[in-house]
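Visitor: Could you show me how to read a structure like this one, feature by feature?
Guide: Gladly; have a look at it here.

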Amino acid sequence: MYELKAKPKSALAIFAHPDDADVACGGTLALWSSLGARVGLVVCTRGEKGTVDVGLKPDDLAEQRAEEVRSASRFLGVDELYLLELNDGEVTNTLDLRSRLVGLVRRFRPEVVLTPDPTAVFFGEHIYNHRDHRELGYAVLDSIFPAAMLPHYFPDDQPPHRVTTALLAGALEPTCVVDISGSLELKIQAVTCHRSQLQGEAEAMDHVLRARASELGRRLGLRYCEAFRRISPAGTQ
Ligand SMILES: [Zn+2]
């Protein structure tokens, strides 16, 4: 693993649920935003099924989570927030979803795209990756290469755009880290905006995020890090 010291001019994070990006790459987004990057966040679903409370109405939860992501985005320095409002649990790598993602990529024209690593399935013996994350990761990869960069894909949309780098979060085999020592506190503040997901355990979440970032950093002698699998789609460096 190596330290990615890139300072991109623009970055677009594309994730399935309202709290995903903050946990996956909130420190990186906050860091790059503070360095002057234009930062966009795409949240694909309303997250309306993310509760064990049978009495909580899905529409009410969706509304609460939209508010939470708006608050969190301010901590991360997000310039453009796109809520696609798909149904939770129904993200599927279809032509229709890729069409929407290609449209967003060609409009925002990011240098870097951040999204879940779709090949990460099993995390130890007790957790495996959410279907929405897996489907979305593949949909995003299929959208940035080759679709967004070639004119005959979705020819009626915006002009083609070449994404230089994809950073895949939640990777089982990360290849690089970003030093988020200066932005970890913003990440923690963003994550703790998602009160509907914390069940009153903001302190425990703070501890988990700090410990995880510290563990990743230690491998390279850094304080706090986020890790990614880095891909430069064909024809780019
Ligand atoms: Zn999620």
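We will go through the sheet, the helices and a few single residues.

Visitor: What should I know before starting?
Guide: This is a predicted model, in which local features need pLDDT of at least 70 and side-chain atom pairs count only at pLDDT 80 or more, while totals for chains, interfaces and linings use all residues. Residues are numbered from 1 along each chain as its sequence is written.

Visitor: In what order do the strands form the open sheet?
Guide: First the general idea. Strands of a sheet pair through backbone hydrogen bonds, either parallel or antiparallel. Helices (H or I, at least four residues) and strands (E, at least two) are DSSP runs, numbered from the N terminus, and two strands pair if DSSP finds at least two bridges between them. Here eight strands make an open sheet with mixed pairing, in the order β1-β9-β10-β8-β5-β2-β3-β4. At the edges are β1 (2-3) and β4 (80-86), each of which pairs on one side only.

Visitor: How many bridges join the strands β1 and β9?
Guide: Two bridges link β1 to β9 (residues 176-179), and these strands run parallel. Across that pairing, Tyr-2 is opposite Cys-176 in β9.

Visitor: Which helices pack on the sheet?
Guide: Contact here means that two residues have their C-beta atoms, placed from the backbone, within 7 Å. For directions, axes are lines fitted to C-alpha atoms, for helices over the stretch in contact, and angles run from 0 to 180 degrees between N-to-C directions. Helix α1 (residues 20-34) packs on the sheet and touches β2 (10-15), β3 (38-45), β5 (112-116), β8 (165-169), β9 and β10 (225-231), with its direction at about 170° to that of β2. Helix α4 (residues 131-144) also packs on the sheet. Its contacts are with β2, β3, β5 and β8, and its direction makes about 155° with that of β5.

Visitor: At what angle do the axes of α1 and α5 cross?
Guide: They cross at roughly 140° and come within 8 Å. That makes α1 oblique to α5, because angles under 35 degrees count as roughly parallel, over 145 as roughly antiparallel, 65 to 115 as roughly perpendicular and the rest as oblique. The residues in this contact are Asp-22, Val-23, Gly-26, Gly-27 and Ala-30 of α1 with Leu-184, Leu-186, Lys-187, Ala-190 and Val-191 of α5. By class, six are nonpolar, two polar and two charged; Ala, Val, Leu, Ile, Met, Phe, Trp, Tyr, Cys and Pro count as nonpolar, Asp, Glu, Lys and Arg as charged, and the others, Gly among them, as polar.

Visitor: Which residues of α5 meet α7?
Guide: From α5 come Leu-184, Lys-187, Ile-188 and Val-191, which meet Met-205, Asp-206, Leu-209, Arg-210 and Ala-213 in α7. That contact has six nonpolar, no polar and three charged residues. Helix α5 (residues 184-191) and helix α7 (residues 202-218) pack at an angle of about 145°, their axes 10 Å apart.

Visitor: Is Ile-144 buried or exposed?
Guide: The rule is that a residue is buried if 20 or more other C-beta atoms lie within 10 Å of its own, exposed if 12 or fewer, and partly exposed in between, with C-beta atoms placed from the backbone. Ile-144 counts as buried because it has 26 C-beta neighbours inside 10 Å. This residue lies in helix α4. Not counting residues up to four places away in sequence, Ile-144 touches Val-105, Val-113, Val-163, Ala-166 and Pro-233.

Visitor: Why does Arg-109 count as partly exposed?
Guide: Because Arg-109 has 18 C-beta neighbours inside 10 Å.
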